[in-house]
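Please read the following points alongside the sequence and the structure.

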Amino acid sequence: MSEPIKFHFDVDGDNFSSAGEASVQVKRMLRQIGIPADVIRRVSVAMYEGEINMVIHADGGNADVVVEPGKIVIILADRGPGIADIELAMTEGYSTAPENVRSLGFGAGMGLPNMKRYTDDMKIESVVGQGTTVTMTVLF
Amino acid sequence: MKISKIKELLEAEVLCGEDMLEEDVHSACGSDMMSDVLAFVKDQAVLLTGLCNLQVVRTANMMDMRCVVFVRAKKPTDDIIELAKDSGIAVLATDKPMYASCGILFTNGLRSEAVNA
């Protein structure tokens, strides 16, 4: 594998039911190109939490995945409200998700910490009122 | 423990994955909070949950699980079953509540593993 393999998805922000579809597809495609199972799990869980976040907080966005030898980069970009205090947002248990999201199995303030837990590097760039871009890297 | 044994112990209905009933699974977890499953579960094959939506199946898929058990008489909709079929995940449904379901499986030898905290 010399050229990077790239996947792009539009994440629909209107429908919580469809949240995670892109991550499921990425998981399938990474399997097809023979990425190790533990790496696939880390990438897909991190992306899934990110995708859920984009649907809950930002009315969707774009997801890009770039596969290179020894490295997978996931870039999630939205035009949502932005994150005012990134350090606070990274605190396990801190959440600004509406109460109804909890009844759906999310919104417990675990998303960003989980994304960090499963990746080797995570960078959050956010401007309040403009949007957020999360770049995650998984090495293998 | 075979998935067929889980069906028998929980008096559960098999909603999909009939062909997987003879598969052996070695550990399980119970949670309604999918983020907790994504955070702390490690190589557990069965998810017991009282939550009933598509994200349960996607979460199980992400964690490479083999079987989802919906407890306390939750009836998953057709789209949930279809997604599970597509993901190669067996789906069971039991009338028993979460605590009893977990207890029955645990005392019959289906344990959890150390959490990945």
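1. Helix 1 of chain A is followed by A:G34, whose phi is positive, near 80°. Helices here (H or I, at least four residues) and strands (E, at least two) are DSSP runs, numbered from the N terminus. The model is predicted: local features need pLDDT of at least 70 and side-chain atom pairs pLDDT 80 or more, while totals for chains, interfaces and linings use all residues. Residues are numbered from 1 along each chain as written, with chains lettered from A.

2. The 12 residues of helix 1 (residues 21–32) of chain A should span 16 Å at 1.5 Å a residue, the expected span being 1.5 Å times one less than the number of residues. The end C-alpha atoms of this helix are 17 Å apart, which agrees.

3. The contact between the chains (C-beta atoms, placed from the backbone, within 7 Å) takes 17 residues from chain B and 17 residues from chain A. On the side of chain B that touches chain A, helix 2 (34–40) and helix 3 (54–62) of chain B each supply at least two residues. Helix 3 of chain B gives the most, with 6 residues.

4. B:V69 touches, among others, B:I6, B:V46 and B:L92, not counting residues up to four places away in sequence.

Methods:
Two residues are in contact if their C-beta atoms, placed from the backbone, lie within 7 Å.
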